[in-house]
Structure formats: C-alpha cells, structure tokens
Amino acid sequence: MQLWEIIVLISGIAFVALVIFAINAIKKLSSTVEKIDQLVSDNTEAINSIIKNADGITQDTKDIVGKVDNVVGGASKLASKFNGEEGIDSFSSAKKLYEVFGIVFAGYKIIKGYYDRRKLKKLIKETKKLKK
C-alpha cells in the first residue's frame, strides 16, 4: 500500500467517525427542541387559564371588599349605639349584631372557598404533572 492510500483510508475513517458523532448530536438537539416545544405549549395553556381566571378572582375580590365594607359599617353603627350616641333598643341591637355576624361568617366562607379552590387547582396541576 502506498502512502496516499493510507492517508485516504485514515481520512475516510475519520470522516465516518465525524458523521456518527454529528448524527448523535443532531438527535440530542432534536430531542431538546421537542422538549422545549412541549414546555412552551404547556405554559401557554397555563397562562391562558390564569388570564381566564383573573376576571373571576377580581370579581371575588370586589365582592369580599364590599362585604368587608358592610361589616365595618355595621360594626361602627353598632359601636355608636352602644356608646350612647343613639338610644339602645335591645331587640334591634341584637338583630343588627346577628346581621353583622352573618356578614362576617359569609366573608369567611367566601375567603375559605377562594383558598380551597386555589388548593384544588394546585392539586390538579400537580396530578397532571405526575401523570406525565
């Protein structure tokens, strides 16, 4: 065998090794791009879900703020009656106190329901992740 034949043979072996290495690198790159694509599509759904829920959360917050304002207003009226600014009528005072406690309890239930829904959504999201 002549020298140029040995050089061509070594060059051919090196070229085949380079092609095999490039094929593996391209396969790994393709897998990475697929994972990135899946991640982007999953996050797009999550972001759209958050945007859809934002209106409901805003409305719930407005409702809670309104009920808290009612509680504060009722409590200040009740306090003014007991401070002697108005005559104390025991039946109407008890009725107002009952209404105030009802509003407070309703506010508590709304807030608890909101946090329970958040926990449920979080559990559902974690369950979906575990299924993957």
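User: What should I know before I start?

Analyst: The model is predicted: local features need pLDDT of at least 70, side-chain atom pairs count only at pLDDT 80 or more, and totals for chains, interfaces and linings use all residues. Residues are numbered from 1 along each chain as its sequence is written, and side-chain values use heavy atoms, with hydrogens and water left out.

User: How many helices and strands does the protein have?

Analyst: Helices (H or I, at least four residues) and strands (E, at least two) are DSSP runs, numbered from the N terminus. Here there are two helices and zero strands. Helix α1 spans 3-82. Helix α2 covers residues 90-131.

User: What share of the residues is buried?

Analyst: Buried means under 20% relative accessible area, exposed over 50%, partly exposed in between (1.4 Å probe, protein chains only). Of the 132 residues, 8% are buried. Areas come from the Shrake-Rupley method with a 1.4 Å probe; for residues, only the protein chains shown count as cover. The protein exposes about 11300 Å², with 67% supplied by carbon and sulfur atoms.

User: Which residues form a salt bridge?

Analyst: Look for a side-chain nitrogen of Lys or Arg within 4 Å of a carboxyl oxygen of Asp or Glu. Lys112 bridges to Asp116, with the closest N and O atoms 3.1 Å apart. Both sit in α2, four residues apart, about one turn of the helix. Lys112 is partly exposed at 36% relative accessible area. Asp116 is also partly exposed, at 35%.

User: Which residues lie nearest the centre of the largest pocket?

Analyst: Rolling a probe the size of a water molecule over the atoms shows where empty space is left. On a 1 Å grid over the protein atoms alone, a pocket is an open set of points where a 1.4 Å probe fits, with protein on both sides within 12 Å along at least five of seven lines; lining residues have an atom within 4 Å of a point. Nearest the centre are Ala46, Ser49, Ile50, Lys121 and Lys125, from a lining of 21 residues. The largest share, eleven residues, comes from α1. The volume, the space filled by probe spheres set on the points, is about 870 Å³.

User: Where does Ile20 lie?

Analyst: Ile20 lies in helix α1. At 49% relative accessibility, Ile20 is partly exposed.
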